[in-house]
Amino acid sequence: MRSTYGFRLGSGFLLAASVIVGAAAGVQAQASRITAYEGARLIDGKGGAPLDNATVVIDGAKIVAVGRTGEVQVPAGATRVSLAGKTVMPMIIDAHVHLSQSREGILTDLKRRAWYGVSTVFSAGTDKYENLDLRAKVEPGSATFLSAGRGITMPEPGRITVPHWINDEAEGRKVVAELAAQKVDMVKVWVDTREGKFKKVTPEIYAAIIDEAHKRNLRVVAHIFDMEDAKGLIKAGVDVFAHGVRDRDIDDEVIALFKSRPGIVLTPNLPERGVKVDMSWMKAGLPADEFAKLEAQNVDSPKLQAFHAIQARNLAKLNAAGVKIALATDGNRPWGPHEEMEDMVLAGLTPMQALLASTRNSAEVLRLADQGTIEAGRSGDLLVLDANPLDDITNTRKISAVILRGAAVDRSQPAR
């Protein structure tokens, strides 16, 4: 009986011990998922004053606590990373890009975006349907993307053929139905003659596109050039502008129309300033031949300076009027957001306004509920900087580290 009892006692003891050891291992494994980033200046993306000596705790891919160091409880066993002397802001969100056409090219584009501190992009109207599934394939160390799929324009022979070419209202509505079936994130329409080369989508046609999209719970983003088209599109109910007015200085009617639609968003996509600039900050992130090509184009251009000046003045007026502005860069330049933020500040935005445009506002226009700010429950997306961008907006280029969905992005080599 003693031996039987002893055996049972031993089995129970071993079972209990194994449970305890297993539980301890589980606690340790859970703690190892948690990282506390401590001691940085925090710009949380909500518009308030920065928080000095802050701690951000990330569990897996999510932020679980934010506050002053010493006041935030850090779980035992968590990894602690000192960011003393650094500035932390949310990762950047680009609300207008055009990604590569191939699947391989898209994946490379998204890795390069993450290298420059960009967490998410919206690809605006030049994506093939067969590549839209990549939106759901989240790769480590890569940005994610949303897409308008194939955008809508009048026939433009000689230009890219991915967008839908339409001729009337019925075709516009039919295409919107097709886009809805593809579950695009927004509908893109171009309203532009391309310097007089093509017919422009008419007010009747873009009104039908907007109406059909809204019936299907889709928003519409419009590429524009002329002031009169901006007026017509606002009256027709457009949701987002993919560019500002570029043909002339806006008048009081444009400002009044924007104010009448407080939910409308402007993504200005400022053009090249037409002045030679210091591009050395880009060198580490680009292959040598690509950097050399960019440097060769880095010259003064009075024509570009005048074109930029119109759009900068218009941006300043709309910003002063309280229009919501989100960051967007057009094209496929992964470093573009850093240039755009500088241009925004030169146009009259404060550094804080430029940072909000590139984080919270872009997240809101793209309806990214878990991005754009650093707070509990949001994605663990941190851009760690060596200097304060509120002192100089170009300090966003001084990247110390990128934490994307809770994991450090490898920046030891240019993303390829």
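Biologist: Over the ring of which residue does the charged end of Arg411 sit?
Modeller: This is a predicted model, and everything I tell you is computed from it. A charge counts as sitting over a ring when, among other conditions, it is within 6 Å of the ring centre. The charged end of Arg411 is 3.9 Å from the centre of such a ring, and that ring belongs to Trp115.

Biologist: Is Trp115 buried or exposed?
Modeller: Trp115 is found in helix H2, and beyond its sequence neighbours up to four places away it touches residues including Ala284, Ile399, Val402 and Arg411. Buried means under 20% relative accessible area. Because Trp115 has a relative accessibility of 6%, it counts as buried.

Biologist: How many Å separate the C-alpha atoms of Trp115 and Pro334?
Modeller: Along the chain, Trp115 and Pro334 are 219 residues apart. Trp115 is also linked by ring pairs into a cluster with Tyr116, Trp281 and Trp335.

Biologist: Across which strands does helix H2 lie?
Modeller: Helix H2 covers residues 103-115 and runs at about 135° to S7. The open sheet of 3 strands, with parallel pairing, has the order S6-S7-S8. Helix H2 lies across these strands, namely S6, S7 and S8.

Biologist: Which strands stand at the edges of that sheet?
Modeller: The order of the open sheet is S6-S7-S8, and its neighbouring strands are turned by 20° against each other on average, direction ignored. S7 and S8 pair in the parallel sense over 4 bridges, with Ser123 standing opposite Ser147 in S8. Each edge strand has a single partner strand, so one side of each is left without a neighbour in the sheet, and these edge strands are S6 and S8.

Biologist: Which residue's backbone oxygen does the side chain of Arg135 reach?
Modeller: Arg135 lies in the loop between strand S7 and strand S8. Leaving aside neighbours within four places in sequence, its contacts include Phe145, Ser147, Gln182 and Asp185. The side chain of Arg135 reaches a backbone oxygen at 3.5 Å, and that oxygen belongs to Gln182.

Biologist: Which residue in the turn of the hairpin formed by S17 and S18 has a positive phi?
Modeller: S17 is joined to S16 by 4 bridges, and the two run antiparallel; here the bridge partner of Leu383 is Val402 in S17. S17 also pairs with S18 in the antiparallel sense over 2 bridges, and Leu404 stands opposite Ala407 in S18. The hairpin of S17 and S18 has 2 residues between the strands, and the one in the turn with a positive phi of about 50° is Arg405.

Biologist: How many residues apart in sequence are the parts that the pair of Phe241 and Phe258 ties together?
Modeller: A search of the whole structure finds 5 aromatic pairs. Phe241 and Phe258 form a tilted one, with 5.6 Å centre to centre and 50° between the planes, and both residues are buried. Phe241 lies in strand S13 and Phe258 in helix H6, so the pair ties together parts whose separation in sequence is 17 residues.

Conventions: Residues numbered from 1 in each chain as written. Predicted model: local features only at pLDDT ≥ 70, side-chain atom pairs only at ≥ 80, totals over all residues. Heavy atoms only, no water. Phe/Tyr/Trp six-rings, centres within 6.5 Å; stacked < 30°, edge-to-face > 60°. Buried < 20%, exposed > 50% of the residue type's maximum accessible area, 1.4 Å probe, protein only. Lys NZ or Arg CZ within 6 Å of the ring centre and 35° of its normal. Polar contact = N/O pair within 3.5 Å; in protein donor to acceptor, adjacent residues only side chain to side chain. Contact = heavy atoms within 4.5 Å. Pairing = 2+ DSSP bridges. Axes fitted to C-alpha atoms, helices over the stretch in contact; angles between N-to-C directions.
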